[in-house]
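Thanks for coming. I have one structure to show today, and I will keep it short.

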Amino acid sequence: MSPSLAKAGSSGSDVDAPNAMIDDKRRKRMISNRESARRSRMKRQKQMEGLVSEKSILERKIHEDNEKYIAVWQNHFALESQNKILRDEKMKLAEKLKNLQHILASYEVPESDKDIEVSDKFLNPWQVSSPVKLITTSGMFKF
């Protein structure tokens with residue numbers, strides 16, 4: 001008999017042993033691959049949960065920062081308005097001061113006249129120093 005026929009005619013235990021070994025390796029590899037895929041899915045799930053958590057934290061921070069920005073902007077706007085009012089008031093006061101300085105300059109006493117003494121009755125002409133005498137009409141105007 002030929003050797004190929006001898007193999008074909010032999011018992012199945014000789015042929016099944018290598019196939020069983022290959023099947024066992026294949027089964028172990030499939031189990032290992034499934035376990036690896038399960039670990040990979042778990043890892044991906046944890047990463048996704050971490051990213052979702054980080055996203056919600058960042059969205060909350062953005063919301064808080066927007067509220068702070070609005071408050072700062074409103075404060076800035078109020079300060080700008082007050083600053084404009086104060087600038088306008090400053091300009092009015094500067095103009096008033098300029099006018100007053102001009103008036104004072106027109107009333108300045110020349111250096112040559114500074115030594116002249118003026119009595120009080122000339123400084124305050126509306127105050128009379130002597131007693132007031134009433135003038136009566138004693139028949140001056142008769143008709």
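I will go through the ground rules, then the salt bridges, then one surface patch.

This is a predicted model, where local features need pLDDT of at least 70, side-chain atom pairs count only at pLDDT 80 or more, and totals for chains, interfaces and linings use all residues. Residues are numbered from 1 along each chain as its sequence is written, and side-chain values use heavy atoms, with hydrogens and water left out.

Salt bridges, then. The term means a side-chain nitrogen of Lys or Arg within 4 Å of a carboxyl oxygen of Asp or Glu. The whole structure has six of them. One joins Asp65 and Lys61, with the closest N and O atoms 3.6 Å apart. These two are four residues apart in helix α2, so about one helical turn separates them; helices here are DSSP runs of H or I, at least four residues, numbered from the N terminus. Asp65 is partly exposed at 35% relative accessibility, where partly exposed lies between buried, under 20%, and exposed, over 50%, with a 1.4 Å probe and protein chains only. Lys61 is also partly exposed, at 45%.

Asp88 and Lys84 pair as well, at 3.3 Å from N to O. Asp24, Arg27 and Lys28 are linked in a network of salt bridges.

Now the patch. Tyr69, Ile70, Trp73 and Phe77 make a nonpolar surface patch, with about 510 Å² of accessible area together. Patch residues have over 30% relative accessible area and no salt bridge, with like charges joined within 9 Å and nonpolar side chains (Val, Leu, Ile, Met, Phe, Trp, Tyr) within 5 Å. The areas come from the Shrake-Rupley method with a 1.4 Å probe, and for residues only the protein chains shown count as cover. Ile70 lies in helix α2, residues 12-106.
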